[in-house]
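Q: Please guide me through the reading of a structure, taking one feature at a time.

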Amino acid sequence: MAGTAAGDPLLSRLRGVVRGGDTVLDVGCGPGRFALALAPEAAKVVAVDPSPVMLSLLRRQARRDGVDNVETVTGRWQDVHVEAADVALCSYVLPLIEDAGDFLAKLDASCRRQAFVYLSAFSTDALFDPFWRRFHGAARNPAPTYLDAMAVLDELGVSARVEIVELPVRSRFTSVAAAARDYRQNLLLADTAEVRKELRSLLAPWLVRTDDGLRPPLQTTPAAILRWKPTGAGRQSLPSPRSARHRAVAGS
Ligand SMILES: C[S@@+](CC[C@H](N)C(=O)[O-])C[C@H]1O[C@@H](n2cnc3c(N)ncnc32)[C@H](O)[C@@H]1O
């Protein structure tokens with residue numbers, strides 16, 4: 001997910017619908033890989049994220065790229081007030097949201113032509129599961145996937161089209177010890193010499209060596225692009241907006 005959106009399947013789908021003169025809304029934009037890639041093709045992009053750090057990264061990159069038509073809005077999507085846009089997207093945010101219903105209803109209500117939600121079609125917990133069982137003695141509850149998002153949209157009366165795409169697994173570790181540190185955190189394990197040693201012995205034969213480091217034994221994972229024409233289903237139940245900080249990139 002990190003880095004630019006170049007080559008990402010969602011970007012080509014978005015480019016297929018964004019026309020010159022359009023406004024685009026990127027909800028949970030992070031450092032802005034989609035917002036920045038779409039800015040040259042749109043009249044304006046509004047990029048919303050609660051993290052000031054993410055938004056300052058976005059603004060810094062925008063200045064480097066000479067992009068001056070991205071407006072950043074600091075706040076949670078549930079709380080901010082923004083104008084409806086022609087095209088709205090929300091990439092890899094939904095699993096972080098407790099009340100996906102209100103969140104998606106607001107996305108639907110804030111978009112005039114086409115809404116996109118992008119999220120994994122693969123629970124990374126599946127990857128961690130054998131390790132989780134080994135240390136915790138039970139299966140790990142899987143995180144939500146696109147199927148849960150589809151069910152929520154269905155409840156809202158939104159019928160989304162689904163496309164499954166494959167994304168390359170980009171995570172690389174410089175060493176087994178580095179992987180063990182990462183997995184220890186993901187597996188919520190205590191930082192003891194014993195845990196570190198056991199993790200290293202489990203990971204060493206499992207990780208795959210590549211030219212640029214060690215990776216999990218998967219080359220790609222599936223992701224889902226959900227897209228729909230807005231129904232206005234959410235308009236009746238929009239949460240009341242709180243104040244948010246809007247900033248245009250130019251001069252920030
Ligand atoms: C995994 S990142 C995805 C960033 C970007 N959309 C991408 O695909 O590269 C998740 C982002 O969602 C943001 N986020 C978390 N809760 C949010 C909320 N309630 N409303 C809007 N954004 C939120 C986080 O701050 C973070 O930048």
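A: Tyr-92 is found in the loop between β4 (85-91) and α4 (100-109). Helices (H or I, at least four residues) and strands (E, at least two) are DSSP runs, numbered from the N terminus. This is a predicted model, in which local features need pLDDT of at least 70, side-chain atom pairs count only at pLDDT 80 or more, and totals for chains, interfaces and linings use all residues. Residues are numbered from 1 along each chain as its sequence is written.

Q: Is Tyr-92 buried, partly exposed or exposed?

A: A residue is buried if 20 or more other C-beta atoms, placed from the backbone, lie within 10 Å of its own, exposed if 12 or fewer, and partly exposed in between. Tyr-92 counts as partly exposed because it has 15 C-beta neighbours inside 10 Å. Its phi is positive, about 55°, although Tyr-92 is not a glycine.

Q: Where does Leu-188 lie?

A: Leu-188 lies in the loop between α7 and α8. Leu-188 is exposed, with 10 other C-beta atoms within 10 Å.

Q: At what angle do the axes of α7 and α8 cross?

A: Axes are lines fitted to C-alpha atoms, for helices over the stretch in contact, and angles run from 0 to 180 degrees between N-to-C directions. The axes of α7 (residues 176-186) and α8 (residues 193-203) cross at roughly 115° and come within 9 Å. That makes α7 roughly perpendicular to α8; angles of 65 to 115 degrees count as roughly perpendicular.

How values were computed. Parallel < 35°, antiparallel > 145°, perpendicular 65-115°, else oblique.
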